[in-house]
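Student: Could you take me through one part of this model slowly? I would like to look at the place where two chains meet.

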Amino acid sequence: MKKHSLIKSFPILIILLTIAISGGCKKEDDAPQTQTDKIEFVSLVVEKDNIEITELTKVSATVKGNNLTYIWKCDNELGVFEGSGAEVLFTICHGGTFKVTCEVKDNANNKASKDVYVTCVE
Amino acid sequence: MYMLLVLNRLPLFIFVAAVLFSAGDIKAQCCSTGSPVGASTYVGVLNKNAVRAISFYRHSFSDIYYKGTNPSDDAVDMSDNAFYDFAGLSVEYGLSHRFTLQADAGYFFNKVVNFHNPQLTDHNGRGMSNGTVLLKYGIYIDPVKLIEISGGAGIKYPFTRQPATAPNGSLLHLDARPSTNAFGFTGTLLLSKEFAPLTLRTFLLSRFEYNGFNINDYQTGKLFSSSLFVSKKIAKRLFGIAQLRNELHGKDIQDGEVQNNTGYFLMVFTPQISYSIAGLWNLSFLYDVPVFKNYQGKQLTPQYSYAISLTRDFSNCTFKRKITD
């Protein structure tokens, strides 16, 4: 009789064991990343920081890290970027001085960013 | 006979034009290719439980830069042209004899900016524009004199707060984005008078839009537009409509700073033809011709636009209430 109830509860034990193991795995995922995954943003350089409207200028980022993704932003919504990656072209159809930001992140979500300024003359 | 009829109405058209051209101080948006305006002339309040659905498609094309009231003579421009294809849907429901609830939404199949510089990839945005929910109230309705004065107030809402991005991950050019990605509110006022024996209807529709800031602290300027419509039955089931619309667009603001090449005053003449089917369906075609432009700074301006709309009335429809009072 006792043996029969053990057999009956066997599937429940397996489920509990599976949950316990999977919980353990999650803990390992949350472990801190190793030092080699960190990003070092070396420099952000604009080829020409004074441009005329519709003129393009090259902006280059030098970053140390693995599996990097580059996000280019301008503090004015009208800024236009051409290309992707570590080197892009920038232009804007408005006069003024604008901040161009390059944000870099890797697969481990480590992030780094730098700004440069471009002045556009109308 | 028709010529005589047109000549008879000429003073009225001149008067309408004069009123709109004298619309006072002119101020006005960068690279403004305009926003899709509905293609329906059915704008009043509905009877209780009546339903109206309006669908429309609009194509707009812009290729001339303006500085002030004249085309720019600059040798090089940022864009060669810009255009969009937009489909909109508006559903209205008569909550009571005086209150009508209206919901609008639309989708840009494309919103393209063709850059002049061949090194730049053209930007093409697509997606939902802002939605609107509006409550209209019949302030004064006289069914005998065929006069209606109604006002409405509502909110504009974005389907996403995240501005659209280009394939390289950077933000799309402002003119290529389908939505302002910001909340706002809107108000309308309608004055309508029908002359039944002449099968003529005139109405003035004014609309105000206030846009909030998007997540990047960019605010699209306020918009005030007024449209004067004259609608006349020209044959059995066929109506001719002339519309004069002015749009006064305030300047955009980024991080508290007013943007130079934004803000405009635009006046558009829109001839429209409308065909009524069995008093329930209505098919309309209209063509927008800009007749006066005054753009702040230097901006790309709309050249022409056309729209086709299909309206369906469910006037006799009454909904069964699930819960009885």
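Student: How many residues of chain A are in contact with chain B, and how many of chain B with chain A?

Tutor: Happy to! This is a predicted model, in which local features need pLDDT of at least 70 and side-chain atom pairs count only at pLDDT 80 or more, while totals for chains, interfaces and linings use all residues. Residues are numbered from 1 along each chain as its sequence is written, and chains are lettered from A and ligands numbered from 1 in the order in which they are written.

Here, 18 residues of chain A are in contact with 22 residues of chain B (C-beta atoms, placed from the backbone, within 7 Å). On the chain A side, strands E4 (69-74) and E5 (80-82) each give two or more residues (strands are DSSP runs of E, at least two residues, numbered from the N terminus). E5(A) provides the largest share, three residues. By class, this side has nine nonpolar, six polar and three charged residues (Ala, Val, Leu, Ile, Met, Phe, Trp, Tyr, Cys and Pro are nonpolar; Asp, Glu, Lys and Arg charged; the others, Gly among them, polar).

Now follow E4 into chain A. An open sheet of four strands runs in the order E2-E8-E7-E4, with mixed pairing (a pair needs at least two DSSP bridges). E2 (50-52) and E4 are the edge strands with a single partner each, so one side of each has no neighbour in the sheet. Further in, E7 (residues 96-105) and E8 (residues 111-121) run antiparallel, joined by 10 bridges.

Notes. Contact = placed C-beta atoms within 7 Å.
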